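Subject: Structure handover

Hello,

Here is the structure I said I would pass on. Please open it before you read the rest of this message.

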Amino acid sequence: MSLLNLFKFTGHAKTFFAWQIELTTRCQLKCRMCIREETEDWFSSDMHIEDFKKLTPYLRDVETVVLQGWGEPLLYKHLIDAVKAVKTEGSQVGFITSGKGLNRGIISELIDSGIDFICFSMAGTTALTHNSIRVTSDLYSLLNDIKTFTEIKAERRLKKPRLSIVYLMLRDNISEVVDLPQLAKDIGVEEITLINLIHVTNEWQEVQKIFTCNKEMGYGEVLKEAEIKARELGIKLRRPYLSPVEVAVCEEDPLRNLYISVDGEVSPCVFLYPPTSFSFKRIYCGKEYKVDKLSFGNIFRESLDIIWNSKEYVEFRERFMRRKKKVDDMRLSLYDMERLRRFEITPLPEPPAQCRTCHKMLGL
C-alpha cells in the first residue's frame, strides 16, 4: 500500500499524479523500523526555502504534493510557507507526521494554510507498544493532539484537512490492529491505512515484518476482524497484501510520480534515495543486498524537462511500460490473472535493476 495512492484529486487530470518533496532529513524519533537504525552516515539537513520556491512553477502540473521524505516535516521552519506556495499552484498538499511538536497554535496555522491532508504515524494502540517501537514518541500526546485537530475542525465546521492514521504492522503490534477502528472513532479520524515494513535493514526488522516472500504468515483473521469493526464504525480501512502479488508497476508508480530529495536530487521514489552515502543496505526476501542510490539529475541545477527526458530516466520508465503493456496485451482471463498474481506464471519483463530487490515489486 503506497501512501501516494491515498490522495484523490478532484480536478482535471494533470501530467503528474504525485510529487514527494523532502523538506528535511531531521527527526526527533529513533524508530526501530527506520533505515537510520543501520546507517552511520546519515545526512541531516533542511531544504532552503529559496530552493523550494524554484519548484513551485512545476507544481501546476502535479495533482498531489506530499511534503515528506526521510525526516519530520514539523521540524521544517518554513512548513507553512511551503504549504501556501503549493496551494497557490492549485495542487493538493499534505504530509505524514509523528505529530511530535504539535500544539494548538501550530494546528491552527496548518488549518489556516489550506492544507488538504495530514497522516499520523502510529505503531500501536497502547502506549507500551507504540512508544517502544516509535522511540521518544508518546502515544497519549499524539492522540490528544489529533483530538484537538478534530475539535478545531468541528468548531469551524471545516472538512479539511483530511486526517488519517497510518499504522505500521509488525509482529509486536499486529494484535492491536483490531482496536484501531474504535481508537480512530474516539479521536474523530475516519480513515486508517495499514502498511508493511518495506525497507528492511537489520535482523530485528526482518523478524518483525508480517509478510513473507512465499505465503501469508497467518495474520489474515486479525485483519478481517479489524475490517469488520471498521465497517461497523464507518471507518475507511485500507490494507496491503501479506503475500507476494505480481505487479506490472509498483504502487510508487514511477510513470506518474517522482521524489525530490532535500538537496534537489530527482529519483523515482523515496526508497531509492535515502540521505546516506552512495549506497545503502537492503534485506530482500531474507537476503542482504547493497543498493546504489539512484538520481537522474538535480532539479535545482537543471530543468525538469532535461531530467525527465534524459536517456537514463526514459529507459528506467520504459521497463515499467513494457511490463504494463505485456499485461494489457495478454488480456488475461480471471484464471490467468490469479495464476500471475501468485507467480505460477511469470510473463513480465524484468523491472529496473534497482527495483528487483524491493518488496514493493511484490505488491506488498
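Below are some notes on a strand, a pocket and some aromatic rings.

Please keep in mind that this is a predicted model.

Strand β8

Start with β8, which covers residues 257-260. In a regular strand, side chains point to the two faces of the sheet in turn. In β8, Asn257 and Tyr259 lie on one side, while Leu258 and Ile260 lie on the other. These four residues are all buried, so both faces of the strand are covered.

β8 pairs with two other strands. With β1 (residues 16-21) the pairing is parallel and has four bridges; here Ala18 is opposite Asn257. With β9 (residues 266-267) the pairing is antiparallel and has two bridges, and Ile260 is opposite Val266. β8 and β9 also make a hairpin, with five residues between the strands. In that turn, Gly264 has a positive phi of about 95°.

The largest pocket

The largest pocket holds about 400 Å³ of space. It is lined by 19 residues, and those closest to its centre are Lys153, Lys159, Pro161, Arg162 and Glu190. Helix α5 (139-156) and strand β5 (162-168) each give at least two residues to the lining. The largest share is that of α5, with three residues. Sorted by class, the lining has nine charged, six nonpolar and four polar residues.

Aromatic rings

The count of aromatic pairs is 11. One of them is Trp308 with Tyr313, whose centres are 5.0 Å apart, with 65° between the planes. The pair is called edge-to-face because that angle is over 60 degrees. Trp308 has 16% relative accessibility, so Trp308 counts as buried. Tyr313 is buried too, at 0%.

Another pair is Phe316 with Phe320, which is tilted: 5.7 Å from centre to centre and 55° between the planes. Why are Phe316 and Phe320 separated by about one helical turn? Because they are four residues apart in helix α10 (residues 311-330). Phe316 is buried at 5% relative accessibility, and Phe320 is buried at 0%.

These four residues belong to one aromatic cluster, which also includes Phe16, Trp19, Tyr58 and Phe296.

Two charged side chains sit over rings. The charged end of Arg317 is over the ring of Tyr313, 4.8 Å from the ring centre. Lys209 lies over the face of Phe211, at 4.9 Å from the centre of that ring.

Regards

Methods:
Residues are numbered from 1 along each chain as its sequence is written. This is a predicted model: local features need pLDDT of at least 70, side-chain atom pairs count only at pLDDT 80 or more; totals for chains, interfaces and linings use all residues. Side-chain values use heavy atoms; hydrogens and water are left out. Buried means under 20% relative accessible area, exposed over 50%, partly exposed in between (1.4 Å probe, protein chains only). Two strands pair if DSSP finds at least two bridges between them. On a 1 Å grid over the protein atoms alone, a cavity is a set of points where a 1.4 Å probe fits but cannot get out, and a pocket is an open set with protein on both sides within 12 Å along at least five of seven lines; lining residues have an atom within 4 Å of a point. Grid points are joined across faces, edges and corners, and a volume is the space filled by probe spheres set on the points. Ala, Val, Leu, Ile, Met, Phe, Trp, Tyr, Cys and Pro count as nonpolar, Asp, Glu, Lys and Arg as charged, and the others, Gly among them, as polar. Rings of Phe, Tyr and Trp (its six-membered ring) pair if their centres lie within 6.5 Å; planes under 30 degrees apart count as stacked, over 60 as edge-to-face and the rest as tilted. A charge sits over a ring if NZ of Lys or CZ of Arg is within 6 Å of the ring centre and within 35 degrees of the ring normal.
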